[in-house]
Amino acid sequence: RVVSVLFGAVAAQIVDESDTLVQVIAGLDSATPGLRDVVLTTDSGAIIRRLGGWEYVFAGVSVLEPGSGQEGTVVRLHGTGLFGGAAGVQSVTLAGRAATILAPSFDHFVMVAAGPSNDTARGPAVLTSVSGSVVTSTSNFTYITAGQVSGLVPTSGQFGTAVQISGQGLLSGGTSLVSVTLAGVPARIVSATNTVVSVVAAMAPRGNGDVVLTSNTGSFVRYAGGWTYVATGSIGSVYPAQGQYKTQVTISGFGLNGGGSVISGVTLAGVP
């Protein structure tokens, strides 16, 4: 029975062993990367050695950017040996929270999207390879306080409705917004700050859905069920259909206030 396995002078953890197969987990070697002898010692004291049978590779994260964010923030990890000597990365955590690996990944570059966090956690990036090897960054990633929508004015409308979104941290750690969706439909962004975002609703069928603000870092703020598209108004008739200055005109139809409370303006042939 194999009772110890050394890679150079570093003990490995024995997972399984038989007369034909020994599985171990490599220990941490703080020495210079390079070849090491593999030494197996049995319970009888016999020693089996393979010269230069194992190579410790250099692995390290040199750059973690950005160093802070929230759910959805795209984080770029630059370094050497990020696959830990294996064929790829199986999982990545940021400050202990699982991140989503974004393809493609390379031994010198891995890109991930930060996962959700309920607090402002701070900690390193940890990359675990498909072989189980682990690479840990020396720098930390910090989760900022998640952005939050406090309200919308109005909360319903149709094509062309001007919507003001209020809250805190609406840029979610970014410097600008790249998209705002109302019930899944992209809206036109007029202006955006961390506390107020103004958009114009696009054409869409009636229905309710989330308001989602996505920043230039990939992070996002979601307001569940915050917007409702009402049925698009329709003009059924205009009487009379012609006239001149001071002609009194009656416009009939449904939804003519476009989901608002009052009609703020009417034009006839482009003239107010």
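Biologist: What volume does the second largest pocket have?

Modeller: The second largest pocket has a volume of about 450 Å³ (the space filled by probe spheres on joined grid points). Among its 13 lining residues, L256, N257, I263, G265 and V266 are the closest to the centre. A pocket here is an open set of points on a 1 Å grid where a 1.4 Å probe fits, with protein on both sides within 12 Å along at least five of seven lines, and lining residues have an atom within 4 Å of a point. The lining comprises 6 nonpolar and 7 polar residues but no charged ones (Gly counts as polar, Ala, Cys and Pro as nonpolar). The model is predicted: local features need pLDDT of at least 70 and side-chain atom pairs pLDDT 80 or more, while totals for chains, interfaces and linings use all residues. Residues are numbered from 1 along each chain, and side-chain values use heavy atoms, without hydrogens or water.

L268 lies in the segment after β24 (250-254) (strands are DSSP E runs of at least two residues). L268 counts as partly exposed because its relative accessibility is 42% (between 20% and 50%; Shrake-Rupley, 1.4 Å probe).

The largest pocket has a volume of about 870 Å³. It is lined by 29 residues, with G27, Y56, G84, S133 and V134 nearest its centre. At least two lining residues come from each of β3 (22-25), β5, β6 and β13 (134-143); β13 gives the largest share, 5 residues. By class, this lining has 16 nonpolar, 11 polar and 2 charged residues.

The structure also holds 5 salt bridges (Lys or Arg nitrogen within 4 Å of an Asp or Glu carboxyl oxygen). One of them joins D119 to R97 at 2.8 Å, N to O. D119 is in the loop between β11 (109-113) and β12 (122-129) and R97 is in β10 (residues 97-106), so the pair ties together parts 22 residues apart in sequence. D119 is partly exposed at 41% relative accessibility, as is R97 at 24%. Another salt bridge joins E65 and R76 at 3.5 Å, N to O. E65 sits in β6 (residues 60-65) and R76 in β8 (residues 74-80), 11 residues apart. E65 is partly exposed, at 31%, and R76 is partly exposed, at 29%.

Note on methods. Helix = DSSP H or I, 4+ residues; strand = E, 2+ residues; numbered from the N terminus. Buried < 20%, exposed > 50% of the residue type's maximum accessible area, 1.4 Å probe, protein only. Salt bridge = Lys/Arg side-chain N within 4 Å of Asp/Glu carboxyl O.
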